[in-house]
Amino acid sequence: MRIYLSADMEGVTGLVDADDVQPGGRDYERGRLMMAEDVNAAVRGALAAGATDITVNDAHGPMRNILPESLHPAARLIRGKPKHMGMLEGLTPEHDAMLCVGYHSRAGALGVLSHSFMGHEIEDIWLNGRPVGEIALAHATAAALGVPLAALTGDDRACEEMAEWDASVTTVAVKHARDRFAADLRPTDEARTAIEQSITAALTANRTPPAPPPADSTLTVRWQSSSVASTLLGIPGVTATDTRTVEAQGTLPTLYRLFGVWMRVATSLTNQPPYC
């Protein structure tokens with residue numbers, strides 16, 4: 001059984017503030033170790049379910065958060081950037097299931113550290129007219145590759161967002177949002193045990209192959225800056241729906257990869273790196 005794990009940071013056990021998740025923050029070094037421990041709990045759960053090959057993609061910010069020596073030795077790590085597929089780098093149809101660890105709710109939700117990819121620049125995202133954030137876009141892209149998303153961990157708002165998109169995905173709430181930078185934390189050992197046991201159960205359950213998204217999908221993004229939207233119109237196939245909103249049509253995962261290009265363009269214009 002081949003397992004792919006995408007690891008974000010905002011939804012990790014115990015973390016609530018930018019200082020916990022951004023390099024240079026007062027508690028970042030502790031935060032990156034907490035991230036590794038949530039991932040390791042997921043790896044243990046996958047191994048208990050019979051996984052024989054586990055790939056972990058460091059999917060947060062600079063994508064150099066997990067220290068290789070802190071990762072469970074049974075897993076391989078994809079680290080650094082740029083990556084053509086960003087948070088889903090290394091995901092292929094050969095994987096039997098995907099796990100999302102430490103994920104967060106989309107922009108506008110009152111979840112811990114909520115945002116959609118670029119915290120200061122992206123206001124809204126839609127896939128085929130349906131609001132999405134990092135969770136749903138990852139799920140849809142994996143489904144297009146024929147890989148089911150088996151389990152997701154994060155705060156309770158991230159888990160609710162996952163359930164709204166696909167209720168069959170197992171979710172593990174490691175904290176309950178009080179506001180965007182405050183949470184009622186689940187005890188660390190309890191949260192890690194829940195991650196491990198829930199992932200074992202999810203991977204040993206009978207999984208229905210995910211329904212693929214429409215062959216011709218539309219990805220729409222509303223930016224805070226009209227300058228970003230205007231610049232993106234120089235990319236073939238990108239059209240505008242208003243001065244701040246652009247869209248493109250195509251298939252997933254091609255649209256996911258194209259969106260990564262949009263973010264790199266936005267970064268060059270605003271000097272605001274993607275949070276992810």
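**Entry 1: the ground rule.** I call a pair a salt bridge when a side-chain nitrogen of Lys or Arg lies within 4 Å of a carboxyl oxygen of Asp or Glu. I also remind myself that this is a predicted model. With that rule in hand, I find 12 salt bridges in the structure.

**Entry 2: Arg26 and Asp19.** I started with Arg26, which forms a salt bridge with Asp19. The closest N and O atoms of Arg26 and Asp19 are 3.0 Å apart. I then asked myself: is Arg26 buried or exposed? Arg26 has a relative accessible area of 73%, so I noted it as exposed. Asp19 comes out at 24% relative accessibility and therefore counts as partly exposed.

**Entry 3: Arg192 and Asp38.** Next I went to the salt bridge in which the side chains of Arg192 and Asp38 meet, at 2.6 Å from N to O. This pair links distant parts of the chain: Arg192 sits in helix H5 (residues 188-204) and Asp38 in helix H2, 154 residues apart. I checked the accessibility of the two partners as well, and both Arg192 and Asp38 are buried.

**Entry 4: Arg76 and Asp53.** How do the two partners stand in accessibility? Arg76 is partly exposed at 44% relative accessibility. Asp53 has a relative accessible area of 19%, and I count it as buried because the cut-off is under 20%.

**Entry 5: Ala49.** I left the charges and turned to a loop. Where is Ala49 found? I located Ala49 in the loop between helix H2 (28-48) and strand S2 (53-58). Its relative accessibility is 17%, so Ala49 counts as buried. Which residues is Ala49 in contact with, leaving aside its neighbours within four places in sequence? I listed Met1, Thr200, Leu203 and Thr204. To finish, I took a C-alpha to C-alpha distance from Ala49 to Arg180: these two are 34 Å apart in space and 131 residues apart in sequence.

Key:
Residues numbered from 1 in each chain as written. Predicted model: local features only at pLDDT ≥ 70, side-chain atom pairs only at ≥ 80, totals over all residues. Heavy atoms only, no water. Helix = DSSP H or I, 4+ residues; strand = E, 2+ residues; numbered from the N terminus. Buried < 20%, exposed > 50% of the residue type's maximum accessible area, 1.4 Å probe, protein only. Contact = heavy atoms within 4.5 Å.
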